[in-house]
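Here are some notes to read alongside the model, written for someone meeting it for the first time. Please keep the structure open as you go through the points.

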There are 2 protein chains.
Amino acid sequence: MKIIESPEEMQKQARLLIQSGEYIAFVPTMGFLHEGHLSLIRLAKEYSDTVVVSIFVNPAQFGPNEDLDAYPRDFARDEKLCREAGADILFYPTSQNMYLDGHSMWLSEESLSTVLCGASRPGHFRGVCTIVAKLLNIVQPDFMVLGEKDAQQLRVLRRMVRDLNFAVKIIAAPTVRAADGLAMSSRNKYLTSAERKEAVCLFQSLEKAKALFAAGERDAETLKAAVRAVIEATSGKVDYIELVDDETLQSVQTLEKPALIALAVKFSGARLIDNTVLAP
Amino acid sequence: MKIIESPEEMQKQARLLIQSGEYIAFVPTMGFLHEGHLSLIRLAKEYSDTVVVSIFVNPAQFGPNEDLDAYPRDFARDEKLCREAGADILFYPTSQNMYLDGHSMWLSEESLSTVLCGASRPGHFRGVCTIVAKLLNIVQPDFMVLGEKDAQQLRVLRRMVRDLNFAVKIIAAPTVRAADGLAMSSRNKYLTSAERKEAVCLFQSLEKAKALFAAGERDAETLKAAVRAVIEATSGKVDYIELVDDETLQSVQTLEKPALIALAVKFSGARLIDNTVLAP
């Protein structure tokens, strides 16, 4: 596995790979890898000759009161995990190289990104879209593998690729969960041990919604209330619980088409998200 | 010369060219080609194996009260001119294919594009950056050739390419002028014949500034006043006359570094722009 720090060098390598007829699959990450990331890397290998993983904690997608400085980092461990999972190139740029002095160019998605996490975290998706556009231009992949856990991010980036004609196909990979059902997240480590036990409530609340839906419930308010009851039985504070159209991310009242149920819950140490699709 | 209407087909062709080791140079245009465009196409040929010219009147860069519907179009003539100038591929997409239903992804440059034409035409550079990003992703050129006549556009797009890491090198080509000095523009045809004679005032006012500068004048207000006097001797109405730092586009009072003098003038039939760099 090659480690590349310079964007220019990464772009040059990508060009050589393309000219030699190879297909590149790309897994963008913020590091502190867990089994979820590794599943993306393994899936990327199935699609390509060369798997590029990027590790970059993107300052532009953190709000002023968010956890940029505290975001967990462990490059030595990440490097080992990438190697073991089969990555061919690890792209690990510095913030100085990614945002040059006077950086003034930004991407914004003006529909899907205004709700859910976009409403709770102003500027977050502007930062996500801008960095992913940069990474796509540097890595020039044929495939980009993203996790379904970040449901809104997946949909916003699909829209970005469509609207800006990026020559990449997005592959979505299912959420990887701990034995009790908690979705893998780099932020789980900030939970106290009591919170870690309670955090399974996100998964359980979605299971509850799925069971009600399977039993025929189609009223969004009823489903959301059931989810809320599961969360509120813990110390977690609901940031949002939303039931939205799976394509437009607009609120739905009655489920007639595939809908995304998404929630964000704040514990003392971390804000966690999870989601599932309810398809009639 | 091949004519391609579909973005997907254009992107597929570009990929094949890159895989076969060819270099692509790209000239984006809104059609109604004149000698200025043709000079860009000829310059593009010097840099590449394949020259792609796009013709697309981009609705997103016109304001609600601007001349989108009236913008001149003559595809048969453009096609002939492209062929004669040596273009290999003419990319001619429809608006429906370029802006799909629900398009919601936009680029914005937040520093250089706020002054000059950006101040007079809100949203203009957002439209320019978004369409050029799309075209770069579709055509995947190694070189993009742009005219110096659109001085601010050139600088905003250079910033876009830098900040978003597009794998393209921008080549700037000098403004092509009529015998009397008027800069070539598709909009010149809207001038009345009296205005066409007066329109040389833009060029003459810049020549005046250059002469004063060569004689040692370094005060921006004095230089701008001299430009204004030349314009105001005609029926043209000054939209703006600005003297700005050539890199940051911020106003300068005293010329110590290369400065851009740029102006926009409204006649009854068309708003014209021109510029020159004054380098100490």
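1. Let us start with a pair of helices in chain B. Helix 2 of chain B and helix 3 of chain B make a right-handed crossing (the near helix is turned clockwise from the far one, where left-handed would be anticlockwise by less than a right angle). The contact brings together B:Leu38, B:Ile41 and B:Arg42 from helix 2 of chain B with B:Leu81, B:Cys82 and B:Ala85 from helix 3 of chain B. Contact here means C-beta atoms, placed from the backbone, within 7 Å of each other. By class, these residues are five nonpolar, no polar and one charged. Ala, Val, Leu, Ile, Met, Phe, Trp, Tyr, Cys and Pro count as nonpolar, Asp, Glu, Lys and Arg as charged, and the others, Gly among them, as polar.

2. A word on what you are looking at. This is a predicted model, in which local features need pLDDT of at least 70 and side-chain atom pairs count only at pLDDT 80 or more, while totals for chains, interfaces and linings use all residues. Residues are numbered from 1 along each chain as its sequence is written, and chains are lettered from A and ligands numbered from 1 in the order in which they are written.

3. Now chain A as a whole. Its secondary structure comes to ten helices and ten strands, which are DSSP runs numbered from the N terminus (helices H or I, at least four residues; strands E, at least two). Of its 280 residues, 42% count as buried; that takes 20 or more other C-beta atoms within 10 Å of the residue's own, whereas 12 or fewer make it exposed and anything in between partly exposed, with C-beta atoms placed from the backbone.

4. How do the two chains relate?

5. Which elements of chain A give two or more residues to the side that touches chain B? Chain A and chain B bring 31 residues each to the contact. On chain A the elements are helix 1 (7-19), strand 5 (105-109), helix 6 (124-139) and helix 7 (151-163). That side of chain A has 13 nonpolar, eleven polar and seven charged residues.

6. A:Lys134 deserves a look. This residue is found in helix 6 of chain A and counts as buried because it has 24 C-beta neighbours inside 10 Å. Leaving aside neighbours within four places in sequence, A:Lys134 is in contact with A:Met98, B:Leu164 and B:Asn165.

7. Finally, two loop residues. A:Gln140 lies between helix 6 and strand 6 (143-147) of chain A, and B:Phe32 between strand 2 (24-29) and helix 2 of chain B. A:Gln140 has a positive phi of about 50 degrees although it is not a glycine, and B:Phe32 has a positive phi of about 50 degrees too. A:Gln140 is buried, with 23 other C-beta atoms within 10 Å; B:Phe32 counts as buried with 20.

Definitions and conventions: Two residues are in contact if their C-beta atoms, placed from the backbone, lie within 7 Å.
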